[in-house]
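Biologist: Could you walk me through the ligand site in this one? I'd like to start with where the ligand sits.
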Amino acid sequence: MALNMDKFHFGTKDEKKRFCIELLDSLKERGFAKIRSHGVFKSVLDPQFDQIRRFFNLPLDVKMKVKHPAQATPNRGYSYVGQENVGNISGYNKGLGPANTRDIKESIDFGSDIDDLVENVEVPEEDVPNFQVEIDGLFHKLCETQRHILSALAIALGIDQSHLHFIHDRVENEFRLLHYPAIPASELRDGTATRCAEHTDFGTITLIFQDAVSGLQVEDPAEPGTFRDVGSSNLSDLILIVGDSLQRLTNDTIKAGRHRVTYPPGVDRDSDEIIPERYSMAYFAKADRNVSLLPLKQFVTEANPCRYEDVTAWEYNNQRSASLYEG
Ligand SMILES: O=C(O)CCC(=O)C(=O)O
Ligand SMILES: [Fe+2]
């Protein structure tokens, strides 16, 4: 069931509080939360998905004009199918070292226009008219939504909202558009290839929109190893997943949601059925690079001693990203 964010903005004091508690409960019980009325309207998302389709339908040599730079982070620009393999970190997460699963996806990443570490890689106007201006607009809109969600989580956790905002002050977030090409179901059968291998995200929170094909799955926190489908009956359902940085800051009070993208619900894995192409958008909120991810003092008690070492958001991000990219 989707939580209605109107209750947070316009509800009574009790309704607002209830929204915050239900949000936190959903993250703890299901590993994700689904949110409606989050401020990004269907009338914006529908044409945005069309624009994303236009970009990925361009010939490869045109997409390569905005290719991902050689350095792994921060993520900017276009990554071709096979360039990033999330499977390399699935094993890392479990302490097993790199795995060998290919991701069958292509993506393009953007940062904020005030990020002074790197320039944004911009899609030229002649390749997809209005693309960049709309992406920049959506980036800002999602940044606002992210701030409201952080406020709601702070209320539910009983911590200072302004502190969570302060550590995201420099907007060092990343916005990723993804295309998963159509493939025969049989290509995923032996496990050497997938759409996006299981992983946790590195930042604080991730906001995802997916098209009707679905295929996103989140691990059931109560049953590690069991992944459950997260369908989007409505294109504007926002799926919220917690990343490693927030798990660290809260000293495991909220755990990062392990997720992956695989067969859409209803596909017969033993057939040669073609899995339709899929498009999604993922907005990764990140703590400012210089912020320490040492657990906040409110979450460190005698019963729950500090579980993590002092590492900055940037150091952590780079440790995790190092194994992701091919070139
Ligand atoms: O495509 C999706 O729905 C999720 C993608 C994802 O998990 C990621 O890029 O980190
Ligand atoms: Fe992810």
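Modeller: This is a predicted model, and in it ligand 1 sits in the largest cavity.

Biologist: Which elements give two or more residues to the shell around ligand 1?
Modeller: Those elements are strand S6, covering 174–180, strand S14, covering 259–261, and strand S16, covering 278–285.

Biologist: And how do the shell residues divide into nonpolar, polar and charged?
Modeller: Six of the residues around ligand 1 are nonpolar, three are polar and three are charged; among the residues around the ligand are Arg 176, Leu 178, Tyr 180, His 199, Ile 208 and Phe 284.

Biologist: How far is the side chain of Arg 278 from an oxygen atom of ligand 1?
Modeller: An N or O atom in the Arg 278 side chain is 2.8 Å from a ligand oxygen, while a polar side-chain atom of His 259 lies 3.0 Å from an oxygen atom of ligand 1, and for Asp 201 the corresponding distance, again to an oxygen atom of the ligand, is 3.1 Å.

Biologist: What share of ligand 1 does the protein bury?
Modeller: The protein buries 97% of the 290 Å² that ligand 1 exposes when taken alone.

Biologist: Switching topic, how many aromatic pairs are there?
Modeller: The count comes to nine aromatic pairs. One involves Phe 139 and Phe 175, whose ring centres are 6.5 Å apart and whose planes stand at 70°, so this pair is edge-to-face.

Biologist: Why does that pair tie together separate parts of the sequence?
Modeller: Phe 139 belongs to helix H6, residues 131–157, and Phe 175 to strand S6, so the pair links parts that are 36 residues apart in sequence.

Terms used:
Residues numbered from 1 in each chain as written. Chains lettered and ligands numbered in written order. Predicted model: local features only at pLDDT ≥ 70, side-chain atom pairs only at ≥ 80, totals over all residues. Heavy atoms only, no water. Near = heavy atom within 4 Å. Polar contact = N/O pair within 3.5 Å; in protein donor to acceptor, adjacent residues only side chain to side chain. Areas by Shrake-Rupley, 256 points an atom, 1.4 Å probe, with all protein chains shown as cover. 1 Å grid on protein atoms, 1.4 Å probe; cavity = no way out; pocket = protein on both sides within 12 Å on 5 of 7 lines; lining within 4 Å. Sits in = over half its atoms within 2 Å of the grid points. Helix = DSSP H or I, 4+ residues; strand = E, 2+ residues; numbered from the N terminus. Nonpolar A, V, L, I, M, F, W, Y, C, P; charged D, E, K, R; others polar. Phe/Tyr/Trp six-rings, centres within 6.5 Å; stacked < 30°, edge-to-face > 60°.
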